[in-house]
Amino acid sequence: MKNIVLIGMPGCGKSTIGVVLAKVLGFDFVDADVLIQKKHGKLLRELIAEYGDDGFLQIENDVNKEIDLKNTVIATGGSVVYCDEAMQHYVKNDIVVYIELPYGVIASRLENVKRRGVVLKDGQTLKDLYNERILLYEKYAQITVKAEGLSVEELMDTIAEKVLAYEKTH
Ligand SMILES: Nc1ncnc2c1ncn2[C@@H]1O[C@H](COP(=O)(O)OP(=O)(O)O)[C@@H](O)[C@H]1O
Ligand SMILES: O=C(O)C1=C[C@@H](OP(=O)(O)O)[C@@H](O)[C@H](O)C1
Ligand SMILES: [Mg+2]
């Protein structure tokens, strides 16, 4: 089966859901952020500090576009939607699932944006980033899942159901 690629704002649950979803489907699990850290031997926030936003996005693009796997749930980083080649690669080969949450829920989960290492330009607020990003998540999503009010288990079940239905019709 095709890979399931989770996209969405930082804190929407890509990494948390991804690993349990993989287990339930009998898939492998890969977190693209961990691949980036492993390849470069540094934390994401250190890479962003060293190379700047654009340099980090180049690294993120290169790592994601090279992923050549099957039967794998891939949790991407929230900024992967700025990486055009990587997104073309995912849309062509895999099933891209957008985990959608309202701004308020994301803001409450991201207490320390800097520590997480979010790609946030100088002067840009989290709200600006949210408004800019949702257009990109919607653009690339093949499936969108509204996650507000759903537990980890419910969200995982909803994604699994939608993906299986999508596979039957595509
Ligand atoms: N229903 C839920 N689904 C997923 N994550 C949830 C949920 N409720 C609370 N959380 C919390 O939200 C955070 C999601 O973070 P994470 O999985 O790292 O997101 P991402 O990889 O998208 O940045 C975690 O701290 C997780 O415990
Ligand atoms: O949205 C972002 O700008 C980022 C999100 C992070 O991943 P998560 O979405 O898993 O938090 C990570 O890729 C990087 O630090 C940048
Ligand atoms: Mg993550």
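User: Leaving aside neighbours within four places in sequence, with which residues is Val-5 in contact?

Analyst: In this predicted model, local features need pLDDT of at least 70 and side-chain atom pairs count only at pLDDT 80 or more, while totals for chains, interfaces and linings use all residues. Residues are numbered from 1 along each chain as its sequence is written, and chains are lettered from A and ligands numbered from 1 in the order in which they are written. Contact requires C-beta atoms, placed from the backbone, within 7 Å. By that criterion, Val-5 touches Ile-74, Thr-76, Tyr-90, Asp-94, Ile-95, Val-96 and Val-97.

User: Which residue of β3 is the bridge partner of Leu-6?

Analyst: Strands are DSSP runs of E, at least two residues, and helices are runs of H or I, at least four residues, numbered from the N terminus; two strands pair if DSSP finds at least two bridges between them. Strand β1 (residues 4–7) runs parallel to β3 (residues 72–75), joined by three bridges. Strand β2 (residues 28–31) also pairs with β3 in the parallel sense, over four bridges, and Asp-31 stands opposite Ala-75. The partner of Leu-6 in β3 is likewise Ala-75.

User: Which element supplies the largest share of the shell around ligand 1?

Analyst: A residue is near a molecule if its C-beta atom, placed from the backbone, lies within 6 Å of it. The shell holds 16 residues, of which Pro-10, Gly-13, Lys-14, Ser-15 and Thr-16 come nearest. Both α1 and α8 supply at least two residues. The largest share, four residues, comes from α1.

Methods
Contact = placed C-beta atoms within 7 Å.
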